[in-house]
Amino acid sequence: MARKLNFSSGPAALPEDVLRRAQAALLDLDGSGIGILEHSHRGPEFMRVLERTEAAIREVAGLDGAWAVLFVTAGATHHFSMVPQSFLGEDETADYCHTGVWSGKAMEEARRFGTVHVACSGEPDFTSTPRTQTWSTAPRYVHYTSNETIYGTQWAAPPHAPAPLVCDASSDIFSRPLDLVPHALIYAGAQKNLGPSGISLVLARKDFVESGRSDLPPLAQYRTYVTERSMYNTPNTFGIYVIGEVVSWIRAQGGLAALAERNDRKAAVLYDFLDQSRAWTPLAEKASRSRMNVTFRGATKELEETMLARAEERGLSGLRGHRSVGGLRASLYNAVPEDGIRRLVELLDEVERAAR
Ligand SMILES: *Cc1c(COP(=O)(O)O)cnc(C)c1O
C-alpha cells in the first residue's frame, strides 16, 4: 500500500524516516532488546531518550540555561487554562490577541481566573493578523497564537507588547527560527509539527515559571515540570521519543533557518498558483498568510467537491477546510515534501481547466 500525500491539519504528516525509526524502536529501543513502549520511564534507556530529546530541542531552538524544556501530557488546549490559572490573579489583567478559533478558546479559559483585555481582534472574518494593538496599562502577560491553523493566518513576527509574551505555537513551532527574546512561555501541541497527539512541548523561562502560583495541585504548576524534569508522574514516553526523533530530523535538515527557507518556498508555490488562478482564491490577506495552513476557496461549491474527490483518487488527502470556514485547506507542515505541493498545484490546475 502506497502512502498518501497527507495535507491534514493535525494530527499530520511526519517525516517518513522518523516513522521507520519509531517502527523499529517499538520492538527494540537502541539495541536494548526492549521496545520504547515497554521501558521503565526511570530506567537508563529512557533517561537517555529524554536527555537527547531535550538536548536536540535546546540546540535547534537556541535555548540557554534561563529556559526550561517541558513535556506536558496533554494537548495545547490544556495550556489555555493552565497558563491563566498559574499566572493570572483574580485582580490582574492579561492581554489577548484574538485571531481566530484557538485564541477564542484561550480567552474563554482565562476569563475564569482574571480579567481578559482583548488587545486586538481579527473579527469577524479573521482573514488577517491585526496590525495594531491596544494594550492595557499593566498586563500580567500577552497571549497570542503565532499561527491560526483554521483560518490560515500567521504573525510575520511576534507582536511588540509591553509584557512577556505567551505563545500558542502549536501549528508553526520549529517551522522557522524562534525570536525568544520577547517570550516568557511558548507551548505547542505536538501533533502538527512535532509528533503524536496528547502531548505538548513547553519552552519556558524559569523566572517566569517561578512567578506563578505555588498553591495549585502539582500537575497544574509548570514549576513541578521544571523541578521534576517532566517526570513527576509517568510521562508520555513514546511521545517524548517521537518528538526527539523529529527534532533530530529537523537538525539534520539544517535546522530552523533551513526549514524556514524550504517552508517559504513550499507556500510560495501554492500561493503563486492561487493568485493567478481564476477558479481558486486564497482566503487570508497577503501580509498575514500562513506558510503552514493555506486556506482557499473554489469559484463554486461544485468545483471544490470535484477537487476533493479527485484528490482522494490521486492519493492527496486531508484537503477539506475546517467546518467553520469551508473551502479547502492544505497544511504544509515541515514533513510535507516540496514535490507534494507541485502535485497539488497540478491537480488544482487540471480541475480548473476541466471546468472551463
Ligand atoms: C490544534 C491546535 C490546538 C489544539 O490542540 P489540542 O492538542 O487538540 O489541544 C490549539 N491551538 C492551535 C493553534 C492548534 O493548531
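**Exercise 1. Find which residues surround the ligand and which are the closest.**

Solution. Step 1: the shell around the ligand has 13 residues, and the closest are Thr 77, Thr 149, Asp 168, Gln 191 and Lys 192. A residue is near a molecule if one of its heavy atoms lies within 4 Å of it. This is a predicted model, in which local features need pLDDT of at least 70 and side-chain atom pairs count only at pLDDT 80 or more, while totals for chains, interfaces and linings use all residues. Residues are numbered from 1 along each chain as its sequence is written, and side-chain values use heavy atoms, with hydrogens and water left out.

Step 1: by type, the shell divides into three nonpolar, eight polar and two charged residues. Helix H3 (residues 76-87) gives the most to the shell, with three residues. Helices (H or I, at least four residues) and strands (E, at least two) are DSSP runs, numbered from the N terminus.

**Exercise 2. Decide whether Pro 11 and Ser 103 are buried or exposed, and list what they touch.**

Solution. Step 1: buried means under 20% relative accessible area, exposed over 50%, partly exposed in between (1.4 Å probe, protein chains only). Step 2: Pro 11 lies in the loop between strand S1 (5-6) and helix H1 (16-27). Pro 11 counts as exposed because its relative accessibility is 52%. Step 3: not counting residues up to four places away in sequence, Pro 11 touches Gln 191 and Ser 197, where contact means heavy atoms within 4.5 Å. The C-alpha atoms of Pro 11 and Gln 191 are separated by 4.7 Å, although the two are 180 residues apart along the chain.

Step 2: Ser 103 lies in helix H4 (residues 101-110) and counts as buried because its relative accessibility is 0%. Step 5: Ser 103 touches Cys 97, His 98 and Thr 145, again not counting residues up to four places away in sequence.

Technical notes
Ala, Val, Leu, Ile, Met, Phe, Trp, Tyr, Cys and Pro count as nonpolar, Asp, Glu, Lys and Arg as charged, and the others, Gly among them, as polar.
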